[in-house]
Amino acid sequence: QVQLVESGGGLVQAGGSLRLSCAASGSIFNFNVMGWYRQAPGKQRELVAIIRSGGGTNYADSVKGRFTISRDNARNTVYLQMTSLRPEDTAVYYCRYMANVDTWGQGTQVTVSS
């Protein structure tokens, strides 16, 4: 079993920054793919960014150039550095583990005020 715990969410002003963390524990396999997703009220959950074990990344067009996903394999932790935040970035952000089991964290709230 894999457990994911997100942290780092909060309330920020437009143009500000936040750094989200996702700590994974349990049966972590090598070469896994990790992702950040978000879901706003009344909206579908959408992909924000993914990172592969080798470091390759993909980003949604809406966050490209503003968000950076990274990982610390020694600590089984994935990060999402968010800059130039906009009100439309307001959502619950979820960490996802993609390997033998599709596992989601509980989510962390990000609210961007205008």
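Predicted model: local features only at pLDDT ≥ 70, side-chain atom pairs only at ≥ 80, totals over all residues.

Guide: From the N terminus on, the elements run β-β-β-β-β-β-β-β-β-β-β. Residues are numbered from 1 along the chain, and side-chain values use heavy atoms, with hydrogens and water left out.

Visitor: How many helices and strands does the chain have?
Guide: The chain has 0 helices and 11 strands; these are DSSP runs, with helices (H or I) of at least four residues and strands (E) of at least two.

Visitor: What share of the residues is buried?
Guide: Of the 114 residues, 39% count as buried, meaning under 20% relative accessible area with a 1.4 Å probe, protein chains only.

Visitor: Which residues touch the most others in the largest nonpolar core?
Guide: Trp36, Leu80, Met82 and Tyr93, out of 26 residues in that core. A nonpolar core is a set of buried Ala, Val, Leu, Ile, Met, Phe, Trp, Tyr and Cys residues joined through side-chain atoms within 4.5 Å. Elements that give two or more residues to this core include β1 (2–7), β4 (33–39) and β8 (77–82).

Visitor: And what does Met82 touch?
Guide: Leaving out residues up to four places away in sequence, Met82 touches Leu18, Leu20, Phe67 and Tyr93, among others. Contact means heavy atoms within 4.5 Å.

Visitor: New topic: what does the C-alpha trace span?
Guide: About 40 × 25 × 25 Å along its principal axes.

Terms used: Buried < 20%, exposed > 50% of the residue type's maximum accessible area, 1.4 Å probe, protein only.
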